Amino acid sequence: MKKLSLLLLTFILGGLVVVPGLSRPQRVNERQAIEAEMQAYARDLRSGTPAEVAAHFTKDGELLLPGTDTLHGREAIRNFLTPLAGAVEVEAVTITTDLIEASGASATQWGAYKQVAGERGKEKQTYTGRYAALWHQEDGHWRLAKLLMQPK
């Protein structure tokens with residue numbers, strides 16, 4: 001009985017341990033918020049405007065895509081996406097997360113993506129790959145500071 005009581009006490013007290021500045025509930029809530037933001041980004045890639053997609057980035061955020069120069073800032077990202085929005089149709093975007101690590105006002109996220117897209121009026125192709133994201137809190141929201149997309 002003493003062993004059972006000690007085990008229960010250890011379990012209960014162990015659940016009450018809080019790391020200063022970063023408790024377990026905060027980390028869970030941060031991860032959920034970041035995941036929700038990434039899913040909103042995916043939704044806007046599918047059906048949003050270039051300005052709505054660019055708004056997911058910090059003011060000086062960067063989008064890194066293979067075969068292109070790094071796009072610095074919301075305006076550059078929006079300007080890059082604007083002509084594509086008229087020519088390309090995105091039928092589906094799926095983003096899955098393998099890892100989110102949050103610490104204070106920054107977080108990293110790793111995962112995979114699948115996108116079905118192509119020229120308007122033509123057969124669509126499926127594109128898959130991996131991504132790495134660096135998130136920062138800006139104006140009370142999680143926004144992408146850097147997003148690297150790596151196709152397979």
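**The core and its surroundings**

Reply: In this predicted model, the largest nonpolar core holds 26 residues, and those with the most contacts inside it are Met 38, Tyr 41, Ile 95, Trp 135, Leu 144 and Leu 147.

Me: Which strand gives the most to this core?

Reply: Strand 3 does, with 5 residues. Several other elements each supply at least two residues of the core, including helix 2 (24-47), helix 4 (73-87), strand 1 (57-64) and strand 6 (141-151).

Me: Okay, and what is Leu 147 in contact with, leaving aside its neighbours within four places in sequence?

Reply: Its partners are Met 38, Tyr 41, Phe 57, Glu 62, Leu 63, Leu 64, Tyr 131, Ala 132 and Ala 133. Among these, Leu 63 is also the bridge partner of Leu 147 in strand 6, where strand 1 and strand 6 run parallel and are joined by 4 bridges.

Me: Which residue is the bridge partner of Leu 63 in strand 2?

Reply: That partner is Leu 71, and strand 1 pairs with strand 2 (residues 71-72) in the antiparallel sense over 2 bridges. The hairpin of these two strands has 6 residues between them, and Gly 67 in that hairpin takes a positive phi near 80°.

Me: Switching topic, where is the pLDDT below 50?

Reply: The mean pLDDT of the protein chain is 86, with 82% of its residues reaching 70 or more, but over residues 1-25 the pLDDT is below 50, and this stretch has 5 contacts in the model beyond near neighbours in sequence. Where pLDDT is low, the predicted coordinates should not be read in detail.

Definitions and conventions: Residues are numbered from 1 along each chain as its sequence is written. This is a predicted model: local features need pLDDT of at least 70, side-chain atom pairs count only at pLDDT 80 or more; totals for chains, interfaces and linings use all residues. Side-chain values use heavy atoms; hydrogens and water are left out. pLDDT is the predictor's confidence in each residue, from 0 to 100. Contact means heavy atoms within 4.5 Å. A nonpolar core is a set of buried Ala, Val, Leu, Ile, Met, Phe, Trp, Tyr and Cys residues joined through side-chain atoms within 4.5 Å. Buried means under 20% relative accessible area, exposed over 50%, partly exposed in between (1.4 Å probe, protein chains only). Two strands pair if DSSP finds at least two bridges between them.
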